[in-house]
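I opened my notebook to get to know a structure that was new to me. Here is what I looked up, entry by entry.

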Amino acid sequence: MAITGLANIAVKVADLDAACTFYSDAGAEIRDRVHWGNGERADVFLGPVMITLFTHAIYEDSVDVPAEGFLHPALFTDDLDAQLKGHRVVWGPAVVSGPFGTRRIAFVAAPGGIRLEFMEQLDPPAVAAVPGGAR
């Protein structure tokens, strides 16, 4: 089992239109805005960093989250089940699909009152999710 990369930094926003405009004005490329669970999500590409904006966190009914602000880092792993051993899982595992392809994900409690998202890519996205290559 290994962490193989950083997928994104997740941030909750109340006004997705305003957040997308802010990041676009800062030079970011906004992609893959879609309805997601009980809200919406959009990917913000700022150079090598991807921020995913959410209006509702998928695990929000299981864990206290801020009204707005940092939610979690999302990390790719090559073996989700092995990665979860020894952690307190707060949501998942579950299979999700979207513009990023199909992934198996779970969230664990981490120091500092945050969560880590571990994800295992099951099927790649239909189109490259990152400028310059597939994610």
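**Strand E5.** I began with E5 and found that 7 of its 9 residues are buried, so I noted E5 as mostly covered. Buried means under 20% relative accessible area, exposed over 50%, and partly exposed in between, with a 1.4 Å probe and protein chains only. Strands (E, at least two residues) and helices (H or I, at least four) are DSSP runs, numbered from the N terminus.

**A note on the source.** This is a predicted model, where local features need pLDDT of at least 70 and side-chain atom pairs count only at pLDDT 80 or more, while totals for chains, interfaces and linings use all residues. Residues are numbered from 1 along each chain as its sequence is written, and side-chain values use heavy atoms, with hydrogens and water left out.

**Partners of E5.** Which strands does E5 pair with? I counted pairing where DSSP finds at least two bridges between two strands. E1 and E5 run antiparallel, joined by 8 bridges; here Asn8 has Ala74 of E5 as its bridge partner. E5 and strand E8 (residues 114-123) run parallel, with 3 bridges, and Ala74 has Glu117 of E8 as its bridge partner.

**The whole sheet.** I then traced an open sheet of 8 strands with mixed pairing, in the order E2-E3-E4-E1-E5-E8-E7-E6. Strand E2 (29-36) and E6 stand at the edges with a single partner strand each, so one side of each has no neighbour in the sheet. On average, neighbouring strands are turned by 25° against each other, direction ignored; the axes are lines fitted to C-alpha atoms (for helices over the stretch in contact), and angles run from 0 to 180 degrees between N-to-C directions.

E2 pairs with strand E3 (residues 39-46) in the antiparallel sense over 6 bridges, and Trp36 stands opposite Gly39 in E3. I also stopped at Asp32, found in strand E2: its phi is positive, about 55°, although it is not a glycine. Asp32 counts as partly exposed, because its relative accessibility is 26%.

**Cores.** A nonpolar core is a set of buried Ala, Val, Leu, Ile, Met, Phe, Trp, Tyr and Cys residues joined through side-chain atoms within 4.5 Å. The largest one has 17 residues, and those with the most contacts inside it are Tyr59, Leu71, Ile105, Phe107 and Met119. Strands E1 (3-12), E5 (69-77), E6 (89-98) and E7 (101-110) each supply at least two residues of this core. Apart from it lies another core of 11 residues, among them Leu16 and Ala42.

**Ala106.** Is Ala106 buried or exposed? Ala106, in strand E7, counts as buried because its relative accessibility is 0%. Its contacts (heavy atoms within 4.5 Å), not counting residues up to four places away in sequence, include Leu80, Trp91, Gly92 and Pro93. The peptide bond from Gly92 to Pro93 is cis, with omega near 0°, and Pro93 is found in strand E6.
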